[in-house]
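Subject: Structure for you to look through

Hello,

Here is the structure I promised to pass on. Please open it and keep it beside you while you read my notes.

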Amino acid sequence: MRAPFLLHAGIWLGGKLESDMKPFPLCTLLVLLVCPLGATGALAQTSPAAGDLHGLKVQETHPKATPSPFPLSERTERRQELEYRSPEAMTAVDRDLVAANESEIARRAELQGFRLDEEPGRAIWGYEQAVCPAFPDHLILEYSRSNGGNDVSLFSVVIPRGEGHVRVIPARRRGYSLWTPSSTNALTLNDFNHMVKESPGGLDPDWLTIGLCYTALAGGHVRAGLKAVTAAEESFPLVAPATIIVTRKGGAEIRFSDTTPDTRELTWVLQFAQNGHLMKVRHGDAKLLVQKPSKESTIDIGKPGN
């Protein structure tokens, strides 16, 4: 009986083996090529069943939602601007609230350098209400006086409807900003954050309205640029529409441009921490989208047969 073929180091050998070589069956190396089909069938039968991962468990994971002071599941109103009411258009309840706090408003305004009593040769003060749905527990007023030219004074007043005290936020005194612009200074940010703390529901999820209410505290009448629903609603010059950006740390950045007619286009950027605290506000010129004519070649198409 002939000796079976053996393999050593990839070399086929027959008959006598060298003393330093150890024989072993070829089928242990090349099972699929040399062993009978029955052996391969047996291997197939003993292979792991489908889905068996040798003790490993597969579990479906759900990524955690990034925390944000403005839940992205909430829809914001398409509110382009706030409503402003004259004293005659205000509700009787709001007029009574102003009347009850007149002396406190005058006292706190004078501490900021604004005298509400009539001065000879100067215009009298007037005010209007900025209706802010995001702060239903606060009454926001804008006081102003103009003596012609650039001699304009302006400050905002916040009256709580419940607990709290009257706040006066200076914007301009005789045409000049006080210290730093009211739109970005620490006093306006601090008063805004206190209003949020005094609100029973905390920070309102309607981020665009929140941004517009902040501009009212800074003495501005802002008309935010929105994304047009249809091409027919688009107007020029184009500005970037209002947007919100959620950061990796859970904070949020609100951006919108002021498109009020006959005013310089300005951009507002409000940065919020994850807990809803307003940390910083930037205010500057808006970046307009400029139209550029494209270079196109004109082709004359003649009538058929020409």
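First, a term you will need. A crossing of two helices is right-handed if the near helix is turned clockwise from the far one by less than a right angle, and left-handed if it is turned anticlockwise. Keep that in mind for helix 5 and helix 6, whose crossing is right-handed.

One caution before the details: this is a predicted model.

**The chain as a whole**

The chain has 6 helices and 14 strands. It has 306 residues, and 33% of them count as buried.

Start with helix 6, which covers residues 207–217. How many of its residues are buried? The count is 11 of the 11, so helix 6 is largely enclosed by the rest of the structure. Among these buried residues are Trp207, Leu208, Cys213 and Ala216. Look just past the end of helix 6 as well. Glycine 219 takes a positive phi there, of about 85°.

Helix 5 spans residues 186–198. It packs against helix 6 at an angle of about 130°, and the two axes are 10 Å apart. That angle makes helix 5 oblique to helix 6. Which residues make the contact? On helix 5 they are Thr188, Leu189, Phe192 and Met195. On helix 6 they are Ile210, Tyr214 and Leu217. By type, the residues of this contact divide into 6 nonpolar, 1 polar and no charged.

Next, find the loop between helix 5 and helix 6. Aspartate 206 lies in it. Is aspartate 206 buried or exposed? Its relative accessibility is 10%. Buried means under 20%, so aspartate 206 counts as buried. Leaving aside residues up to four places away in sequence, aspartate 206 touches Thr76, Glu77 and Arg79.

Strand 10 and strand 11 (residues 252–258) run antiparallel and are joined by 4 bridges. Within this pair, valine 246 stands opposite alanine 252 in strand 11.

A reminder first: strands of a sheet pair through backbone hydrogen bonds, either parallel or antiparallel. Strand 3 (residues 83–85) pairs with strand 4 in the antiparallel sense, over 3 bridges. Tyrosine 84 stands opposite alanine 130 in strand 4. Strand 4 also runs antiparallel to strand 5 (residues 138–146), with 5 bridges joining them. There, glutamine 129 stands opposite leucine 141 in strand 5. How many residues lie between strand 4 and strand 5 in their hairpin? There are 6.

Glycine 126 is in strand 4, which covers residues 126–131. At 28% relative accessibility, glycine 126 counts as partly exposed. Not counting residues up to four places away in sequence, glycine 126 touches Glu142, Tyr143 and Ser144. Serine 86 is 40 residues from glycine 126 along the chain, and their C-alpha atoms are separated by 9.1 Å.

Arginine 145 is found in strand 5. Its relative accessibility is 8%, so arginine 145 counts as buried.

Best wishes

Methods: Residues are numbered from 1 along each chain as its sequence is written. This is a predicted model: local features need pLDDT of at least 70, side-chain atom pairs count only at pLDDT 80 or more; totals for chains, interfaces and linings use all residues. Side-chain values use heavy atoms; hydrogens and water are left out. Helices (H or I, at least four residues) and strands (E, at least two) are DSSP runs, numbered from the N terminus. Buried means under 20% relative accessible area, exposed over 50%, partly exposed in between (1.4 Å probe, protein chains only). Contact means heavy atoms within 4.5 Å. Axes are lines fitted to C-alpha atoms, for helices over the stretch in contact, and angles run from 0 to 180 degrees between N-to-C directions. Angles under 35 degrees count as roughly parallel, over 145 as roughly antiparallel, 65 to 115 as roughly perpendicular and the rest as oblique. Ala, Val, Leu, Ile, Met, Phe, Trp, Tyr, Cys and Pro count as nonpolar, Asp, Glu, Lys and Arg as charged, and the others, Gly among them, as polar. Two strands pair if DSSP finds at least two bridges between them.
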